[in-house]
Amino acid sequence: MTLRVHRAGILSTLQDRGRYGYQRYGMPVGGVMDEHSHRLANLLVRNAEDDATLELTLAGPRLEFTEGALIAICGGDFAPTIGGQAVPASRPVLVRAGSVLDLAVCRLGCRAYLAVAGGFDVPVVMGSKSTYLPAGIGGFKGRALRRGDELPVQRAPADLYPALHRALQSAEAFACPKWSVHANAALLAHDHHRIRFIQGRHFARFSEASRAQFVSAEFRITANSDRMGYRLEGPTLALTEPGDILPEAVTFGSIQVPPDGKPIVLMANRQTTGGYPLIGEVASVDLPLLAQLPPGDTLRFEPITLEHSQELYLQREREMALMREGLRDRAKQ
Amino acid sequence: MPEPFIREYRLSPLGDRALVIQLGDDASAETALKVRCVTERLLAQPLAGILDVVPAVCTLALHYDPLRITLPDEATGPYAALAGQVTALLQAIDDFEPAEPVTFDVPVCYGGEYGADLEELARAHDLSTDRVIELHSAALYRVQMLGFAPGFAYLAGLDAQLATPRRSNPRTHVPAGSVAIGGELTGIYPLELPGGWHLIGRSPLRMFDASAEPPVRLSMGDRVRFVQITPDDYARLAEEQG
């Protein structure tokens with residue numbers, strides 16, 4: 001079965017949880033921006049959590065299913081419809097052969113993840129299906145979707161959600177349950193976002209005034225932000241004694257401060273190493289929220305200890321394990 | 001008891017999923033040797049939960065999954081547990097015999113359309129373009145680290161006369177294969193990328209190939225020599241590369 005691309009959207013790429021094991025060669029990890037939504041979408045259709053989903057950005061694609069399929073959409077709200085009928089997010093949806101799924105302009109958040117049961121049938125390159133555009137590798141032919149593409153999907157097990165198969169017989173366009181998994185849309189509805197961070201390796205080198213401003217001021221995400229990094233507008237941050245640092249590793253969520261004093265939060269497509277001082281790193285559990293904030297949104301940084309941040313991470317993984325078990329049982333119904 | 005090979009080091013967190021081992025404060029070959037030593041040890045005897053080992057000039061980072069770190073007891077968090085394992089590993093290293101470095105000859109066509117900044121760079125240093133080429137191709141460079149892009153090697157050993165601060169306005173598109181100077185380093189752009197280094201030539205060699213194992217030509221500690229070629233050689237070698 002294939003997904004026929006009628007319209008590609010602004011930036012629709014296949015991404016999984018990233019390309020690990022090659023950072024020592026300078027190869028960026030890449031992968032999804034909002035890992036939480038990506039994993040939920042996969043779990044809902046009973047794919048492996050690290051299988052590739054289609055990451056949509058700001059304005060979505062229009063896709064035709066050549067065969068019936070089980071899908072899930074999680075993350076930002078792209079007002080999805082099939083035949084003019086709204087398709088609910090954050091739950092499994094069974095669609096008929098020939099259905100056309102229309103994902104419009106994003107009205108909450110900025111990215112969504114489309115999982116299709118069986119998974120996208122694209123080659124694994126350097127251990128991952130993630131699209132890495134600068135090198136033109138991974139994903140679908142190493143690039144973003146274009147109109148006319150035929151995106152292959154592997155065959156899914158036929159016994160998932162038997163109740164939905166029965167419901168589809170009498171449904172108009174698609175069948176889905178009344179329940180949904182908890183989505184992060186509620187978090188996005190706030191105007192001011194709190195992003196927790198752990199002190200960075202060069203935190204102490206920043207002036208006292210800059211350290212104080214970093215946690216008290218509001219920062220705005222500029223238009224010049226993408227999968228590689230979020231450039232922030234706010235107070236100018238300065239080192240007590242200006243100077244370069246020798247290049248060293250950076251990570252997803254590293255907040256680096258170039259000489260112009262305007263912080264950049266490094267995101268999924270970050271480079272493996274950087275040469276600017278790091279004032280902090282965003283707590284992993286807050287990265288999915290940050291990844292959903294579009295340019296123009298504002299945020300504040302709130303300090304958190306490493307220990308607390310890791311506790312939150314382990315807590316979220318325990319919740320994810322429960323979700324995995326719960327959804328496995330639901331898929332039998 | 002033999003003297004430990006790594007006597008001084010500092011561990012610090014890089015966020016909640018990475019740990020940095022600092023092995024010095026400089027870009028010396030001596031520090032680089034320690035970085036290589038610890039990197040090779042960690043690759044040979046992987047610790048549970050480590051996703052990536054990323055060596056740099058005087059540090060190396062371990063990216064890890066906090067969920068998969070073995071915790072000695074309930075009171076110890078993933079970072080502290082990993083720091084304990086790393087400390088034990090570092091203290092157990094009593095010797096390092098680095099493999100003989102491999103030397104790569106990298107063909108480069110200097111100047112003209114191949115190196116758009118060669119003349120400007122020569123003028124800035126009051127040298128002829130021929131002299132810049134001579135100095136650049138006479139040195140034996142050491143791969144300090146890989147970073148910035150897949151297969152991009154920071155090459156140390158640039159003649160001090162050629163050191164040039166990075167461009168104040170970086171280019172948005174630097175052609176793949178460009179040989180460039182940035183600060184006291186030189187390097188070869190493996191892909192078409194944005195970049196702020198001064199372009200002095202271009203190599204037809206492919207520095208990154210996702211289908212090869214390893215996918216990059218150069219690794220830490222290797223030596224590089226640049227060999228001047230003509231535009232005709234460039235065309236022929238580029239064709240051979242496919």
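## Strands, chains and domains in a predicted model

A:Gly75 stands opposite A:Ala112, a residue of strand 10 of chain A. This is a predicted model, in which local features need pLDDT of at least 70, side-chain atom pairs count only at pLDDT 80 or more, and totals for chains, interfaces and linings use all residues. Residues are numbered from 1 along each chain as its sequence is written, chains are lettered from A and ligands numbered from 1 in the order in which they are written, and side-chain values use heavy atoms, with hydrogens and water left out.

Start with chain A. Strand 5 (residues 69–77) of chain A pairs with strand 10 (residues 108–116) of chain A. The pairing is antiparallel and runs over six bridges. Strands here are DSSP runs of E with at least two residues, helices are runs of H or I with at least four, and both are numbered from the N terminus. Two strands pair if DSSP finds at least two bridges between them. Chain A has an open sheet of six strands with antiparallel pairing. The strand order is 2-3-10-5-8-12. At the edges sit strand 2 (13–15) and strand 12 (174–175) of chain A, each pairing on one side only.

Now look at where the two chains meet. In chain B, 47 residues are in contact (heavy atoms within 4.5 Å) with 40 residues of chain A. Together the two chains bury about 3,600 Å², with 62% of it on carbon and sulfur atoms. Buried area is the accessible area (1.4 Å probe) that two parts lose on being put together, summed over both. B:Leu14, B:Asp16 and B:Arg17 supply 18% of the area that chain B buries against chain A, more than any other three residues.

What about polar links? Between chain B and chain A there are 16 residue pairs in polar contact, both residues at pLDDT 80 or more. A polar contact is a pair of N or O atoms within 3.5 Å; within protein, one must be able to donate a hydrogen and the other to accept it, and residues adjacent in sequence count only if both atoms are side-chain atoms. Strand 3 of chain B gives the largest share of the side that touches chain A, five residues. By class, that side of chain B has 31 nonpolar, eight polar and eight charged residues. Ala, Val, Leu, Ile, Met, Phe, Trp, Tyr, Cys and Pro count as nonpolar, Asp, Glu, Lys and Arg as charged, and the others, Gly among them, as polar.

Salt bridges come next. The term means a side-chain nitrogen of Lys or Arg within 4 Å of a carboxyl oxygen of Asp or Glu. The whole structure has 28 of them over all chains, but the count between chain B and chain A is zero. One salt bridge joins the side chains of B:Asp105 and B:Arg225, at 3.4 Å from N to O. B:Asp105 lies in strand 5 (residues 103–110) of chain B and B:Arg225 in strand 13 (residues 223–228) of chain B, so the pair ties together parts 120 residues apart in sequence.

Finally, take chain B by itself. An automatic or database domain assignment gives domain 1 (10–92) and domain 2 (103–241) of chain B. Their C-alpha centres lie 31 Å apart. The contact takes nine residues from domain 1 of chain B and six residues from domain 2 of chain B. The two domains bury about 600 Å² between them, and carbon and sulfur atoms give 66% of that.
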